Amino acid sequence: MKRGLIMEGGAMRGMFTCGVIDIFLEEGITFDGAAGISAGAVFGCNFKSRQIGRALRYNNIF
C-alpha cells in the first residue's frame with residue numbers, strides 16, 4: 001500500500017499545512033507521493049527539499 005500527501009490551497013490553510021509538514025519532517029514521516037494546489041504546492045517544496053522551518057524564515061516571523 002502506498003501513501004500520498006495532499007496539500008490544500010489558500011493562504012491561512014497553507015500556513016497550517018506548513019506547520020504540519022514541519023512535524024512530518026521532524027518525526028521522519030514519509031509519503032510515496034505528494035500533490036498540492038496554490039499555497040499547498042509552494043509549501044510542498046519545503047517537504048520535498050526537507051527544509052524544516054523554511055516558511056518561517058522566508059516570512060520573517062522569527
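## Ground rules

The model is predicted, so to speak of a local feature a pLDDT of at least 70 is needed, side-chain atom pairs count only at pLDDT 80 or more, and totals for chains, interfaces and linings use all residues. Residues are numbered from 1 along each chain as its sequence is written, and side-chain values use heavy atoms, with hydrogens and water left out.## The overall fold

The protein contains three helices and two strands, and from the N terminus on its elements follow the order β-α-β-α-α. Helices (H or I, at least four residues) and strands (E, at least two) are DSSP runs, numbered from the N terminus.

Strand 1 and strand 2 pair in the parallel sense over four bridges; two strands pair if DSSP finds at least two bridges between them. One example of a bridge joins Leu-5 to its partner in strand 2, Ala-34.

Strand 1 covers residues 4–7, and its side chains alternate.

Of the 62 residues of the protein, 29% count as buried. A contact means heavy atoms within 4.5 Å. Among contacts with a separation of 6 or more, 70% come from residues 24 or more positions apart.

## The largest pocket

What is the volume of the largest pocket? The value is about 180 Å³. The search runs on a 1 Å grid over the protein atoms alone: a pocket is an open set of points with protein on both sides within 12 Å along at least five of seven lines, whereas a cavity is a set of points where a 1.4 Å probe fits but cannot get out. Lining residues have an atom within 4 Å of a point. Grid points are joined across faces, edges and corners, and the volume is the space filled by probe spheres set on the points.

The lining of the largest pocket includes Met-7, Phe-31, Asp-32, Ala-41, Cys-45 and Arg-50. Strand 2 (33–36) and helix 2 (39–49) are the elements that give two or more residues to this lining. Helix 2 gives the most, with five residues.

## Residues worth a visit

Let us start with Asp-32, found in the loop between helix 1 (11–27) and strand 2. Leaving aside neighbours within four places in sequence, Asp-32 is in contact with Met-1, Lys-2 and Arg-3. Asp-32 and Gly-4 are 28 residues apart in sequence, yet 5.7 Å apart in space, C-alpha to C-alpha.

Two residues of helix 1 come next. Asp-22 is found in helix 1, and beyond its neighbours within four places in sequence it is in contact with Gln-51, Ile-52 and Gly-53. Gly-14 is also found in helix 1; not counting residues up to four places away in sequence, Gly-14 touches Ala-39 and Phe-43. Between Gly-14 and Ala-41 there are 27 residues in sequence and 8.9 Å in space, C-alpha to C-alpha.

Now for some backbone angles. Most residues other than glycine have a negative phi. Ser-38, in the loop between strand 2 and helix 2, has a positive phi near 55°. Arg-50, in the loop between helix 2 and helix 3 (54–58), has a positive phi of about 60° although it is not a glycine.

How does accessibility class go with the value for each residue? The table sets them side by side.

| Residue | Relative accessible area | Class |
|---|---|---|
| Gly-14 | 0% | buried |
| Asp-22 | 9% | buried |
| Asp-32 | 56% | exposed |
| Ser-38 | 51% | exposed |
| Arg-50 | 49% | partly exposed |

## The cysteines

How many disulfides does a search of the whole structure find? The count is zero, where a disulfide is a pair of cysteine sulfur atoms within 2.5 Å. Cys-18 is buried because its relative accessible area is 5%, whereas Cys-45 is partly exposed, with a relative accessible area of 42%. Cys-45 is also one of the residues lining the largest pocket.

Note on methods: Buried < 20%, exposed > 50% of the residue type's maximum accessible area, 1.4 Å probe, protein only.
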